[in-house]
Amino acid sequence: MDANQLAGPCARPSPVGDGTLIPIIETVARGPSWLAVLSVALGSFAFVATEYMPVGLLPQIAQELDVTSGTAGLMVTTPGIVAAISAPMLLLAAGRINRRVILLMLAVMLLASNLVSAIAPSFAVMLIGRALLGASLGGFWTVALGASGQLVREDQAARASATIFMGITLATVIGVPFGTLIADLSSWRMSFFATALLAALALAAQALLLPSIAPKAAMRTADFRAMLSRSNVRRSLLMVGLLFGSHFAAYTYIAPFLERNAAFDASWISAVLLGFGVLGFVANFAISAFVTRHLKASLLTMGALVMSALFALPMLQASRLGVIATVMAWGVAYGAIPLMLSVWMQLTAPDRPEAASSMFVSTVQIAIALGSLSGGAVVDHLGIASTMRLGGVLAALSLLAIMTFNTRRATLREVLEN
């Protein structure tokens, strides 16, 4: 996490931290401030498209750079590790620096990351490019979400953040299949050049449209310590890590699985990945209608669906229809999960929303890194089907973590806040 998918495109927790979802299917107001918000949304699209790009290109990159599929998974692991470190570090260090300057610097780093990856002559150079992505990615989510409310009136802050989240959703839906399509038509290097162009457009838009953004109060290390001293926060972060780790242990290697185990050609792989994203987009809208009223039950249901899908894929790999149906079910479940986890984390620390957001981003990125890393080790030693089972085991553990929150005699809000 990508942090992306962190709150979804259709609703987000209210700024007062009460867990109420605010629908955002509204017409965006005109004016320079909203154009600035849209420029940051374009940046979020570029960041998430770049982060997910290797997922659909893993077989081609591994072959050309002469590494195994498991080793190639380090292209997802590396930015996750670096982003997990950079998110809280930048939040602590950037207290007095104008947010406009920081966002422009991060956009330059994103552009450099894509260019280095596109021309990488070796896998080591590729990882340097991906490390640049991680350094900019963690910082972007830390700064962009905090600054979004300063670009518009206070009563429009929720819509501003939600507009930025739209970039995540669009990148999730079309980023991976679009990159795979470009690689099919030319080469995987052109896919990175395409995201470099996208990053350049985001940089130009932000340079032109972003106003000066004065910093607010600086975050202190004591805020993080206070959060981590709470049992409910630690268990919530464990749950977040297991769910995201489950997904990325398997999803990082979905293209090799579809190619080798299910015998799909490139066009079918692109179509399946597109279907995964589209259904996830739809699920995110659907879950927002009742997620706050039934948050624990919704998480248990979607986590169980992810677990079932990942355990089922190796058993159904000989059936094209079975594989497609199972991947689509997985897409529905995962599309709803980031929104639910975002709402859950906001309820754990309504008194420290920025610290909660930063810890959430770091946990997601660590989970992405460790999930893809452990999945890669399993792929190299036990085969691609085994990493789907690994994802299923991690999903099962996440369900156990969810069930440790006893809500029989109290509301979920009361359980999480105490």
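Author: A charge sits over a ring if NZ of Lys or CZ of Arg is within 6 Å of the ring centre and within 35 degrees of the ring normal. The model discussed here is predicted.

Reader: Over which ring does the charged end of Arg 320 sit?

Author: The charged end of Arg 320 sits over the ring of Phe 264, 4.6 Å from its centre. In a second case, Arg 235 places its charged end over the ring of Phe 405, 4.3 Å from the centre.

Reader: How many aromatic pairs does a search of the whole structure find, and how is a pair described?

Author: A pair of aromatic rings is described by the distance of the centres and the angle of the planes. The search of the whole structure finds 12 aromatic pairs. One of them joins Phe 264 and Trp 268 edge-to-face, at 6.1 Å centre to centre with 65° between the planes.

Reader: Is Phe 264 buried or exposed?

Author: Phe 264 counts as buried because its relative accessibility is 4%, under the 20% limit. Trp 268, at 35%, counts as partly exposed. Another edge-to-face pair is formed by Phe 276 and Trp 330, 5.5 Å centre to centre and 90° between the planes.

Reader: Which parts does the pair of Phe 276 and Trp 330 tie together?

Author: Phe 276 lies in helix H11 and Trp 330 in helix H13, so the pair ties together parts that are 54 residues apart in sequence. Phe 276 is buried at 5% relative accessibility, and Trp 330 is buried at 0%. Both residues belong to one aromatic cluster, whose members include Tyr 52, Phe 248 and Tyr 334.

How values were computed:
Residues are numbered from 1 along each chain as its sequence is written. This is a predicted model: local features need pLDDT of at least 70, side-chain atom pairs count only at pLDDT 80 or more; totals for chains, interfaces and linings use all residues. Side-chain values use heavy atoms; hydrogens and water are left out. Rings of Phe, Tyr and Trp (its six-membered ring) pair if their centres lie within 6.5 Å; planes under 30 degrees apart count as stacked, over 60 as edge-to-face and the rest as tilted. Buried means under 20% relative accessible area, exposed over 50%, partly exposed in between (1.4 Å probe, protein chains only). Helices (H or I, at least four residues) and strands (E, at least two) are DSSP runs, numbered from the N terminus.
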